[in-house]
Amino acid sequence: SEWRPFSDSVKAFAQQQWQAGPIINGEKQSGEIQAVTAPYDRREVVGSIAFASAEQVEAAISVAAEAYPSWSQRPAGERAQSLVRLADLLEAHTGELVALCHREAGKTIQDSIDEIREAVDFCRFYADQAATDFAEPKQITGFDGTAKLLSYQGRGVFACISPWNFPLAIFLGQVSAALVAGNTVVAKPAEQTSLIAFRAIELMLEAGVPAGAIQFLPGTGAQVGAPLTSDPRIAGVAFTGSTETAQRINRSLAARDCEPATFIAETGGQNAMIVDSTALPEQVVRDVVRSAFASAGQRCSALRVLFVQEDIADRITSLIKGAMDELSVGRPELHSTDVGPVIDTGAREKLLTHIESLKNQAKVVAQATLGEECQHGDFVAPTAFEIGSIDVLKNENFGPILHIVRFKASELEQVIDQINNTGFGLTMGVHSRNERTYCHIERRARVGNCYINRDQVGAVVGVQPFGGQGLSGTGPKAGGPHYLYRFTQDVFNA
Ligand code: NAD
């Protein structure tokens with residue numbers, strides 16, 4: 001039961017208890033307390049959380065609305081400076097944040113380190129961009145030769161609503177973009193990862209973001225998320241989460257009798273990979289196992305449906321089985337662990353129901369085994385099925401479950417159609433050594449991110465921006481050149 005080498009500074013925090021609750025105008029609020037337990041062992045208490053009341057939601061929106069004029073009028077460079085200080089503070093507190101990500105979200109130590117790195121990258125990237133793009137009005141020369149000025153301002157109060165699977169990176173990515181673009185923010189983290197988000201907001205205040213500019217409201221979607229999105233004082237919503245919740249928020253925003261809100265949604269997927277007979281089997285299997293089972297399949301980019309050309313399907317499925325037999329599922333702080341727990345008991349039950357129902361209609365290719373140490377946590381054994389068609393999958397299954405479909409070489413176009421027809425458009429993978437084939441698939445794929453001859457899990461701030469199309473999101477891509485602009489309104493000085 002050793003910790004990874006990095007972890008002396010993490011170890012110091014491993015036994016700590018964290019307390020969190022709403023933060024309104026810089027003041028920590030009290031409320032009804034509930035215990036937070038670790039996904040890998042529900043007997044282990046990590047801390048406690050007070051969710052926000054209806055009165056606190058109301059107060060937070062009022063404070064953010066009042067603070068908007070002064071925050072939005074600060075020079076963009078000054079707003080950016082506070083994000084740079086936040087990035088420095090995140091780095092200085094890496095040990096504690098890694099311990100928190102591990103204990104509250106059940107992430108492996110490596111996933112937790114990557115999480116903090118990505119959060120830091122988001123803060124620095126958006127700070128740099130705002131300081132460059134929004135500091136001075138842009139001079140535009142009209143067709144008639146006259147010079148005009150174009151400037152970018154915030155839109156008002158943004159609600160930032162985030163998921164639990166990247167509890168620091170996505171949470172801070174949204175909040176830092178909204179703030180640096182000149183908006184004030186009411187941030188609602190996922191209820192499963194409120195402690196991590198609370199520490200991030202404490203550090204944000206320490207970094208110099210004014211108390212009025214950032215309000216923090218932990219709580220459920222129904223009790224905190226829904227009242228936020230129906231409030232007419234909310235000028236924009238940045239949301240990452242499931243497609244169903246995005247649709248609910250869209251309806252709630254549309255039902256308001258006020259000016260329309262900006263809605264930025266990054267949502268779910270039904271991500272496929274196509275493997276043709278020219279692919280290198282060992283490389284395919286390495287990438288498939290990583291794409292489907294890294295982070296216990298709880299990445300939005302994760303591979304769900306593997307289409308394999310029938311000529312090499314037996315070889316690929318037998319190698320997948322071999323690789324899955326080697327997967328070690330267990331406590332996420334151990335050196336030896338490949339796959340940790342899923343986020344909560346509700347997620348576990350949903351995934352187990354899907355596995356049980358598929359067992360009646362599909363062939364199990366492989367199922368990893370769960371060790372003794374898994375019995376007190378929310379673990380799901382990584383499972384691979386061979387299914388007849390992608391049509392049997394109605395929803396995104398957000399966990400370590402892989403579905404394999406065989407196809408004939410002559411059916412490639414139908415395969416691409418079937419994938420596109422799911423309506424989702426987040427990620428797609430291709431393994432082929434035939435350049436014409438992979439370029440053709442890439443051209444026809446209606447997805448935000450297409451990965452060729454590699455694993456399907458990459459999103460790198462400023463390098464490989466990430467986001468989907470169709471049911472998978474509105475764009476623009478997070479960590480890309482256009483994201484910040486969606487948080488602004490442009491003013492033309494004619
Ligand atoms: P979720 O939709 O259940 O919850 C997301 C957030 O919405 C949470 O904070 C939740 O409390 C809130 N919420 C729920 N109901 C609400 C309502 N009626 N009004 C307002 N807010 C509400 O999603 P999740 O389980 O936290 O996250 C997993 C999902 O997120 C998966 O579908 C995954 O694919 C998706 N995801 C997408 C991306 C991407 O970049 N496209 C990234 C990460 C996760």
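1. In this predicted model, Glu 266 is in contact with Thr 240, Gly 467, Gly 468, Gly 473 and Ala 478, once its neighbours within four places in sequence are left aside. The residue belongs to strand E12, which covers residues 262-266, and Glu 266 counts as buried because 26 C-beta neighbours lie inside 10 Å, where 20 or more are required.

2. Cys 300, by contrast, is found in the loop between H10 and E14. With residues up to four places away in sequence not counted, Cys 300 touches Gly 268, Gly 269 and Leu 426; Cys 300 too counts as buried, since 27 C-beta neighbours are found inside 10 Å.

3. A separate point concerns helix H11, which runs over residues 310-325 and has 16 residues. From its first C-alpha to its last, H11 reaches 23 Å, close to the 22 Å expected at 1.5 Å a residue.

4. The buried residues of H11 are Ile 312, Ile 316, Thr 317, Ile 320, Ala 323 and Met 324. What covers these buried residues includes helix H10 (281-293) together with the strands E13 (272-275), E14 (305-309), E15 (363-367), E16 (383-386) and E17 (401-407). Two of these elements, H10 and E14, are also those between which the loop holding Cys 300 is found.

Terms used:
Residues numbered from 1 in each chain as written. Predicted model: local features only at pLDDT ≥ 70, side-chain atom pairs only at ≥ 80, totals over all residues. Helix = DSSP H or I, 4+ residues; strand = E, 2+ residues; numbered from the N terminus. Expected span 1.5 Å × (residues − 1). Buried ≥ 20, exposed ≤ 12 C-beta atoms within 10 Å, placed from the backbone. Contact = placed C-beta atoms within 7 Å.
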